[in-house]
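Please read the points below with the sequence and the model open side by side.

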Amino acid sequence: MSDCKDALHQLFDFLDGELTTDKKAAIQHHLDTCQPCAEPYDFEAELRLVIRKKCAEAVPESLMAKIRKAIEAEPVPPQ
């Protein structure tokens, strides 16, 4: 391995932990030595952290109350 095209092609599999140990090591080595490929990796890795953090935050009770009220206001479909 590892040219840039291969490394970037497998970037999402790398981030998802779906590569074999050998492929993971090859990609990691490439990212450690190739700044142009490390940049998209850093971006994607940080984006995943932000999304994970935001998805773990609780919904404010005021929003939950508005959602409950909107659901209760929906007409019941005929059966």
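1. A residue is called buried here when its relative accessible area is under 20%, exposed when it is over 50%, and partly exposed in between, with a 1.4 Å probe and protein chains only. Helices are DSSP runs of H or I with at least four residues, and they are numbered from the N terminus. This is a predicted model, in which local features need pLDDT of at least 70 and side-chain atom pairs count only at pLDDT 80 or more, while totals for chains, interfaces and linings use all residues. Residues are numbered from 1 along each chain as its sequence is written, and side-chain values use heavy atoms, with hydrogens and water left out.

2. Which residues of α3 are buried? They are I27, H30 and L31, and they lie on the same side of α3 because they cover an arc of only 100 degrees around the axis, the arc being that of the directions from the helix axis to the C-beta atoms. On the other side of α3, the residues T21, D22, H29, D32 and T33 are exposed.

3. The buried residues of α3 pack against α1 (4-9), α2 and α4, where contact means heavy atoms within 4.5 Å. As for the length of α3, its 13 residues should span 18 Å at 1.5 Å a residue, and the end C-alpha atoms are 18 Å apart, which agrees; the expected span is 1.5 Å times one less than the number of residues.

4. Side chains of opposite charge can pair when their charged atoms come close. A salt bridge is counted when a side-chain nitrogen of Lys or Arg is within 4 Å of a carboxyl oxygen of Asp or Glu, and by this rule there are three salt bridges. In one of them D16 pairs with R48, with the closest N and O atoms 2.4 Å apart. Because D16 lies in the loop between α2 (11-15) and α3 (21-33), and R48 in helix α4 (residues 35-56), this pair ties together parts that are 32 residues apart in sequence. D16 is partly exposed at 39% relative accessibility, and R48 is partly exposed at 26%.

5. Another salt bridge joins the side chains of K54 and E57, at 4.0 Å from N to O; K54 is exposed at 52%, whereas E57 is partly exposed at 43%. E61 also forms a salt bridge, with R68, the closest N and O atoms being 3.2 Å apart.

6. How many aromatic pairs does a search of the whole structure find? The search finds one aromatic pair, formed by F14 and Y41, which is edge-to-face, with 5.7 Å from centre to centre and 65 degrees between the planes. F14 lies in helix α2 and Y41 in helix α4, so the pair ties together parts that are 27 residues apart in sequence. Rings of Phe, Tyr and Trp (its six-membered ring) pair if their centres lie within 6.5 Å, and planes under 30 degrees apart count as stacked, over 60 as edge-to-face and the rest as tilted. F14 is buried at 9%, while Y41 is partly exposed at 21%.

7. Finally, the cysteines deserve a careful look. A disulfide is taken as a pair of cysteine sulfur atoms within 2.5 Å, and a search of the whole structure finds zero disulfides. For C4, the nearest cysteine sulfur is that of C37, 3.5 Å away. The sulfur of C34 is 3.6 Å from the closest cysteine sulfur, in C4, which is too far for a bond.

Note on methods
Helix = DSSP H or I, 4+ residues; strand = E, 2+ residues; numbered from the N terminus.
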